[in-house]
Amino acid sequence: MTGSKLSRTSVGRSELLSRSVKATDALGMFAEASAHLRRLMPYDAAVWRVTDPVTGMMTAPIRAENLDEGGCAVYWESELFTENVNRFHDLARAPVPVAGLRQTTGDLPARSTLYETFMRPRGFHDELRAVLRTGDRPQGHISLFRSEGRVAFGAAETRLIASILTPLARHLRSFAEPAPQPLPDTPHGPGLLLFDANGALLSVNDDALTYLDTLPEGPAVPSPQGIRVPSWIQATAMKARAVAQQRDRGQARARVRNRAGRWLVCHASCLREANGGIGASAVVIEPAKSSEIVPLIVDAYELTDRETEVTQYIARGLPTGEIAAQLHLSPHTVRDHIKAVFEKVGVSSRGELVGKLFTEHYAPPAERNMTRVRTD
């Protein structure tokens with residue numbers, strides 16, 4: 001790469017990051033990043049996804065560019081059941097979480113079932129995928145595709161993607177911070193959706209329909225019932241089946257924020273037939289308990305492990321001396337940790353801290369009423 005091209009790439013990368021981290025939501029960040037990235041390394045189609053940082057599952061919102069919605073099931077069926085090249089699960093743990101299909105396979109893409117079942121039928125020549133990662137937590141996925149006739153993604157483009165992942169992931173993580181105002185309670189019970197072995201919707205209850213209406217817009221698949229099912233919910237059902245068949249590991253569980261800012265949790269498992277065989281996949285959507293969300297919130301504020309421990313003891317109402325005894329620290333050190341937590345979260349008292357992190361914004365009424373805070 002020539003010096004002038006390196007300079008243009010460096011300037012373009014800086015502009016990409018500068019514009020992207022000013023975005024106020026994930027879709028805005030994805031749009032800015034994609035628009036600038038295309039100028040640096042052209043591609044023909046893309047998917048930018050938010051993931052649950054605890055389970056690694058795809059969630060919402062999702063930005064898809066120049067891709068048909070019907071291919072989502074094919075893509076994730078390959079990823080979960082048959083693929084052994086550049087799986088997101090493995091890439092999330094790789095030293096450098098970026099890989100090109102043709103780079104990895106030595107220009108023999110037919111080694112990948114994804115290429116055979118998804119890419120080649122759509123005229124795609126290569127895929128470059130990456131995991132937006134902070135530490136060991138995946139915050140999102142990127143999939144970039146080039147059509148037949150274009151050159152494959154190269155080493156320089158892989159390095160460029162790798163150089164922007166952490167800044168984008170940190171900004172994506174920040175969107176988990178609580179909403180500025182307490183949210184109204186939800187009157188709905190658990191939503192239930194049943195999917196067959198091919199990922200087709202079999203049935204759905206009324207509460208699920210209500211939840212679906214509140215979710216961020218994004219790629220969805222049609223169903224016989226006339227309901228557009230978000231692609232990430234269908235993928236959660238498929239993940240449950242893959243785990244039940246021992247083709248994949250992990251949890252079929254993802255947290256998502258609806259358009260009002262309320263946290264929901266979507267989890268799936270497979271039912272058993274009378275003969276013991278694997279039946280339909282059941283997906284449940286319901287309000288997330290505070291225990292589900294606390295890991296995301298403290299991560300969004302970039303609290304260290306020790307600061308998180310101190311915060312948890314504060315939430316239990318322990319005074320400084322008892323926290324020091326529990327953690328085998330001096331009271332002075334604990335006070336330093338508390339001061340650091342206050343600064344990161346933007347509060348000035350223990351009660352305000354617990355209210356902001358644990359109760360005001362997403363905890364159901366029963367949890368809110370049970371919370372007791374000591375301020376000494």
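**Helices, strands and spaces**

Me: Helix α8 (residues 206-214) lies across β6, β7, β11 (263-272) and β12 (278-287), and runs at about 95° to β6. What makes α8 a helix, and how is the angle known?

Reply: Helices are DSSP runs of H or I with at least four residues, and strands are runs of E with at least two, both numbered from the N terminus. Residues 206-214 form such a run, so α8 is named as a helix. For the angle, axes are lines fitted to C-alpha atoms, for helices over the stretch in contact (heavy atoms within 4.5 Å). The scale runs from 0 to 180 degrees between N-to-C directions, and α8 comes out at about 95° to β6. Helix α9 (residues 231-244) packs on the sheet too, touching β6, β10, β11 and β12, with about 40° between its direction and that of β11.

This is a predicted model, in which local features need pLDDT of at least 70 and side-chain atom pairs count only at pLDDT 80 or more, while totals for chains, interfaces and linings use all residues. Residues are numbered from 1 along each chain as its sequence is written, and side-chain values use heavy atoms, with hydrogens and water left out.

Me: How do you know that β6 and β7 pair?

Reply: Two strands pair if DSSP finds at least two bridges between them. Strand β6 (residues 191-195) and β7 have three, in the antiparallel sense, so they count as paired. L194 stands opposite S203 in β7.

Me: Why are β7 and β10 called edge strands?

Reply: The open sheet has five strands in the order β7-β6-β12-β11-β10, with antiparallel pairing. β7 (201-204) and β10 (253-257) each pair on one side only, and are the edge strands. From one strand to the next, the twist averages 25°.

Me: What makes β1 mostly covered?

Reply: Buried means under 20% relative accessible area, exposed over 50%, and partly exposed in between (1.4 Å probe, protein chains only). Seven of the seven residues of β1 are buried. In a regular strand the side chains alternate between the two faces of the sheet. On one side of β1 are A45, V47, R49 and T51, on the other A46, W48 and V50, and all are buried. Six bridges join β1 to β2, running antiparallel, and W48 stands opposite R63 there.

Me: Why is α10 described as mostly covered?

Reply: Nine of the eleven residues of α10 are buried; I293, V294 and L296 are among them.

Me: What makes one space a pocket and another a cavity?

Reply: On a 1 Å grid over the protein atoms alone, a cavity is a set of points where a 1.4 Å probe fits but cannot get out; a pocket is an open set with protein on both sides within 12 Å along at least five of seven lines. Lining residues have an atom within 4 Å of a point. Grid points are joined across faces, edges and corners, and a volume is the space filled by probe spheres set on the points. The largest pocket holds about 670 Å³. Of its 32 lining residues, A26, P61, F175, A176 and R257 are the closest to the centre. The whole structure has one cavity of 30 Å³ or more, and the largest cavity has a volume of about 40 Å³.

Me: How do you know how the lining of the largest cavity divides by class?

Reply: Ala, Val, Leu, Ile, Met, Phe, Trp, Tyr, Cys and Pro count as nonpolar, Asp, Glu, Lys and Arg as charged, and the others, Gly among them, as polar. The lining is E83, V85, N86, L101, S112, L114, E127 and R129. That gives three nonpolar, two polar and three charged residues.
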